[in-house]
Amino acid sequence: MGSAFNLGKIFGIRFRLHYTWFIIFVLITVSLSWQYFPFVYPGWNLWTYWLTGIFTSLLFFSSVVAHELAHSLVGRANGIPVKSITLFIFGGVAHMTREAARHGAELKMAAAGPASSLVIGGLFFLLHLLMRGISEPVMAMAFWLAQVNVILAVFNLIPGFPLDGGRVFRSLLWRFSGDYKRSTRIATRVGRGVGYLFILAGILIIFLTQQWFSGLWLAFIGWFLENTASASYRQSQWQGALQGVTASQVMTSDCPVVPSPITISQLVQEYIFIGGQRCFLIADEGELKGILTLQNIKSVAQPNWEVTRVKDIMTPMEKLKVARPDQDALSVLEQMDESNINQMPVVREGRVIGLIARDNLIRFLRTRSELGM
Ligand SMILES: [Zn+2]
């Protein structure tokens, strides 16, 4: 998810732009200004083609933002908080803190996006009618945007999870079967199936009609769909497994507390060789100064272990994020992802009572799945 560009907040929801969007923006602008508009509307001057192209791309982009915003606002009104949205090639991915707890909420949230695209498409169509005979560039722009918003709505309504249509489909399955997990599994399978169909169609187009560009494009969309379906399924399994689990349930409480002035060799001899621990809380008189893992120790050459103190190589408190014991494990994981860290101390009333490492969470999930929970 890494390479995204921060756009700022709209209604308290952070919007991020994935770098692929810059490519798409250029592609759309060029193909509009250079091919589509000159072909359909000959006789404008060069500037008009390019300005209309750029403007149309920007409005297309705003249409996608509006579509995502519709999901988020309806989601929020139905108790599904959305923290941020990353805009990808084919629209956006909302980062929800949790999945919908009720099928009704999921249905409304999923349907809100395509519905808003249809409304926006309708409005652009009206604008196109109004601009007839007044301004051809504005009319042309409105007409293209009307079509593209309808396409956006229809594409997103394909019933494969995690597309909007797949979510609608899942919420209906969920409603009739009452089984959330099974519904997700079925909707994911359909989503991957649709992905494979796109790939197949792409290949067929290339072989039968030699239209490489359309074929590759279709296959690429299919590949993207198949991938996102699998990835969202894994993510929803994670989310499901961590639902209702608190930080205190997944933390290790056997990280010994070590005073900050001791040297690495003391630490290795007195703790690591004897106790076999791999993580340490560095504290002086009960006050946490930082944490230390084997990783930190490995960064120092062995001959220097005698003279290096643990406080020189620990991850200091200022750089640490802290979890509360009752905080839910999922949000701990999200905080780790956001700040790109691998462990978080769990603190109650100013005292460290344990440490959560990414491995703990993975081990917890593995144990749970082995037990068939
Ligand atoms: Zn959508």
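The model is predicted: local features need pLDDT of at least 70, side-chain atom pairs count only at pLDDT 80 or more, and totals for chains, interfaces and linings use all residues. Residues are numbered from 1 along each chain as its sequence is written, and side-chain values use heavy atoms, with hydrogens and water left out.

**Exercise 1.** Determine how H3 and H5 are oriented to each other, and list the residues through which they meet.

*Solution.* 
1. Helices are DSSP runs of H or I with at least four residues, numbered from the N terminus. H3 covers residues 103–130 and H5 covers residues 164–177; their axes come within 8 Å and cross at roughly 160°. Axes are lines fitted to C-alpha atoms over the stretch in contact, and angles run from 0 to 180 degrees between N-to-C directions.
2. Angles over 145 degrees count as roughly antiparallel, under 35 as roughly parallel, 65 to 115 as roughly perpendicular and the rest as oblique. H3 and H5 are therefore roughly antiparallel.
3. Contact means heavy atoms within 4.5 Å. On the H3 side, His-103, Glu-106, Leu-107, Ala-110, Ala-111 and Pro-114 take part, and they meet Asp-164, Arg-167, Val-168, Arg-170, Ser-171, Trp-174 and Arg-175 of H5.
4. By class, this contact of H3 with H5 has six nonpolar, two polar and five charged residues. Ala, Val, Leu, Ile, Met, Phe, Trp, Tyr, Cys and Pro count as nonpolar, Asp, Glu, Lys and Arg as charged, and the others, Gly among them, as polar.

**Exercise 2.** Determine how H1 and H4 are oriented to each other, and classify the residues of their contact.

*Solution.* 
1. H1 and H4 (residues 136–156) pack at an angle of about 120°, with their axes 13 Å apart. The two helices are therefore oblique to each other.
2. H1 contributes Ile-28, Leu-32, Tyr-36 and Phe-37, while H4 contributes Ala-140, Met-141, Phe-143, Trp-144 and Gln-147.
3. The contact of H1 with H4 comprises eight nonpolar residues, one polar residue and no charged residues.

**Exercise 3.** Classify the ring pair of Tyr-41 and Trp-44, and state whether these residues are buried or exposed.

*Solution.* 
1. Rings of Phe, Tyr and Trp (its six-membered ring) pair if their centres lie within 6.5 Å; planes under 30 degrees apart count as stacked, over 60 as edge-to-face and the rest as tilted.
2. The ring centres of Tyr-41 and Trp-44 are 5.5 Å apart and the planes are at 15°, so the pair is stacked.
3. Tyr-41 and Trp-44 are both buried (under 20% relative accessible area, with exposed over 50% and partly exposed in between; 1.4 Å probe, protein chains only).
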